[in-house]
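Let's take a friendly walk through the salt bridges here. Please have the model open as you read.

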Amino acid sequence: MAEQPTCSCGSTDALPVKRIIFPCAGVANVGQITNCAAIQLTEEGYGGASCVALLATGAEGLMKNIASSDEILILDGCQVQCGRKIAEEQGVAIDQHIVVTELGITKAGSKDYSDEDIETVVSAVWEGKGTTCSKQCGSGCGCR
């Protein structure tokens, strides 16, 4: 397991980061990869996976959990970016956004993926790809 990323903005806050992971979980292979990656990231301690369909409903409990979280990660399978669109529709700020097809994985049938494909996504998340600096520190640190 990779080391848990920290922000390079100079924060001395040693508390673990509370992250919520939303996989698109679409039917195509790339959607299935997002779900598998979210489960693996949860098991590795990166954050906790939640259902993007529940996010679309604006469920009160989930929205409270989002408000108390430190980071929101959206895992989208393809260029349609359903997860990102749902988050934006609910007014949820996204701290990290990964699109599986942008990692070189081709969209195909739902069972056309490998453990290596899942690891590609998991590694991209741990490496901080798709991260935006939400700290407004102005240093261009690329908080991770």
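The side chains of Glu71 and Arg19 come together in a salt bridge, with N and O 2.8 Å apart. A salt bridge here is a side-chain nitrogen of Lys or Arg within 4 Å of a carboxyl oxygen of Asp or Glu. This pair joins distant parts of the chain: Glu71 belongs to strand E3 (residues 71-76) and Arg19 to strand E1 (residues 19-23), 52 residues apart. Helices (H or I, at least four residues) and strands (E, at least two) are DSSP runs, numbered from the N terminus.

Glu71 counts as buried at 18% relative accessibility, and Arg19 is also buried, at 4%. The cut-offs are under 20% relative accessible area for buried and over 50% for exposed, with partly exposed in between (1.4 Å probe, protein chains only).

This is a predicted model, where local features need pLDDT of at least 70 and side-chain atom pairs count only at pLDDT 80 or more, while totals for chains, interfaces and linings use all residues. Residues are numbered from 1 along each chain as its sequence is written, and side-chain values use heavy atoms, leaving out hydrogens and water.

Searching the whole structure gives 4 salt bridges. Three of them, including the pair above, are set out here.

| Pair | N to O distance |
|---|---|
| Glu71 and Arg19 | 2.8 Å |
| Glu60 and Lys64 | 3.2 Å |
| Arg84 and Glu88 | 2.7 Å |

Glu60 and Lys64 sit 4 residues apart in helix H3 (residues 60-67), about one turn of the helix. Glu60 is exposed at 57%, and Lys64 is exposed at 55%.
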